[in-house]
Amino acid sequence: DGVAGLCVNGKKCYKTKVDAEFALYKCQSSKRDNTHKEKRVYFCPTCKYFHLTSQEKKKTITWKSLNNARK
């Protein structure tokens, strides 16, 4: 099933990004009424595997975006 165990942070580790994306697809297509919905896949530098998260991707701040915000 692509699961490689648990990370030190307690999250399931997926061996490949494809395994994690398939798990994400299964979560999103589930008909269960959960308030906690997984939204994306990310690479964990601690365990070197992939995890699922319900958090939105953080916006990258650049010098250009900061300068535009000041105008």
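Contact here means heavy atoms within 4.5 Å. I am working on a predicted model, where local features need pLDDT of at least 70, side-chain atom pairs count only at pLDDT 80 or more, and totals for chains, interfaces and linings use all residues. Residues are numbered from 1 along each chain as its sequence is written, and side-chain values use heavy atoms, with hydrogens and water left out.

**His51**

I began with His51 and found it in strand E4 (residues 50–53); strands (E, at least two residues) are DSSP runs, as are helices (H or I, at least four), numbered from the N terminus. His51 has 0% relative accessibility, so I noted it as buried (under 20% relative accessible area; exposed is over 50%, partly exposed in between; 1.4 Å probe, protein chains only). Its side chain comes to 2.7 Å from the backbone oxygen of Lys12. Leaving out residues up to four places away in sequence, the contacts of His51 include Cys7, Lys12, Cys13 and Cys44.

**Cysteines**

How many disulfides does the structure hold? I found zero, taking a disulfide as a pair of cysteine sulfur atoms within 2.5 Å. For Cys7, the nearest cysteine sulfur belongs to Cys47, 3.8 Å away. Cys7 is buried at 8% relative accessible area, while Cys27 is partly exposed at 29%.

**Glu38**

Next I looked up Glu38, in the loop between helix H1 (17–29) and strand E3 (40–43). Glu38 is buried but has no salt bridge; Lys11, the nearest side chain of opposite charge, is 5.5 Å away. A salt bridge needs a side-chain nitrogen of Lys or Arg within 4 Å of a carboxyl oxygen of Asp or Glu. A polar atom of the Glu38 side chain does lie 3.3 Å from the backbone nitrogen of Thr53.

Methods: Lys and Arg count as positive and Asp and Glu as negative; His and the chain ends are not counted. A polar contact is a pair of N or O atoms within 3.5 Å; within protein, one must be able to donate a hydrogen and the other to accept it, and residues adjacent in sequence count only if both atoms are side-chain atoms.
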